[in-house]
Amino acid sequence: MSSHDTEPDTPAAVTVRCQDNRAVTVQLRDPSRPDEDRVRYAVEASAPGLAIRVDEVVAWNRGAGLAAFLEELAADFRGWDGQRVWQTDDRDLTVSAVFRSGGHVGLTWTLRPWRSAAGGWEASVTTWLDAGEQTSALAADVRGFLTQQDGARG
């Protein structure tokens, strides 16, 4: 049983499922490329009693994005101390990673729509996956999601 899946009926989506509780998911979906410098997409997170969505998360094509962060985690599959953090420039998506014994990575996905930061909301879910192969596969899926051409998105 995999901790992440690319939805076969929605090729422009990446779903991360927690291996400890398959009801906890994060999905990157609905990518659009307004220009060559960035990709906009939505992030949905769900858990028992929770369903949230942040639209227009922006990924800039500068090389230090979410895919690179996940690739670094996968390269360190033997573990690390403390917490590693990545976030979008607008801070509407933050992903923090911790390593636990047994070769598992906990990814905490915090969504905070920047447009409503004053008096807005914030929510987080944590997905657990295997440190090596599953984290590598997720990184590859995210890279493909963020770099696909507009024609592939319909």
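View 1. Two strands count as paired if DSSP finds at least two bridges between them. Helices (H or I, at least four residues) and strands (E, at least two) are DSSP runs, numbered from the N terminus. Here, strand S4 (residues 38–47) pairs with strand S5 (residues 50–60) in the antiparallel sense, over nine bridges. Look for Arg38, which stands opposite Trp60 in S5. S4 and S5 form a hairpin with two residues between them, and Gly49 in the turn has a positive phi of about 85°.

A quick note before the other views: this is a predicted model, in which local features need pLDDT of at least 70 and side-chain atom pairs count only at pLDDT 80 or more, while totals for chains, interfaces and linings use all residues. Residues are numbered from 1 along each chain as its sequence is written, and side-chain values use heavy atoms, with hydrogens and water left out.

**View 2. Asp35 and Arg38.** Side chains of opposite charge can pair when their charged atoms come close. A salt bridge is a side-chain nitrogen of Lys or Arg within 4 Å of a carboxyl oxygen of Asp or Glu. Asp35 makes one with Arg38, and their closest N and O atoms are 2.9 Å apart. Asp35 is partly exposed at 28%, whereas Arg38, at 18%, counts as buried.

View 3. Glu44 and Arg29 form a salt bridge whose closest N and O atoms are 3.9 Å apart. The pair links distant parts of the chain, with Glu44 in strand S4 and Arg29 in strand S3 (residues 25–35), 15 residues apart. Arg29 is buried, with a relative accessible area of 19%, and Glu44 is partly exposed, with 24%. Widen the view to find a network of salt bridges that links Arg29, Asp30, Glu44, Arg53 and Asp55.

**View 4. A link between two helices.** Arg143 forms a salt bridge with Glu71, the closest N and O atoms lying 2.8 Å apart. This pair also links distant parts of the chain: Arg143 belongs to helix H2 (residues 133–147) and Glu71 to helix H1 (residues 66–75), 72 residues apart. Arg143 is partly exposed at 35% relative accessibility, and Glu71 is partly exposed at 32%. Across the whole structure, a search finds ten salt bridges.

Note on methods
Buried < 20%, exposed > 50% of the residue type's maximum accessible area, 1.4 Å probe, protein only.
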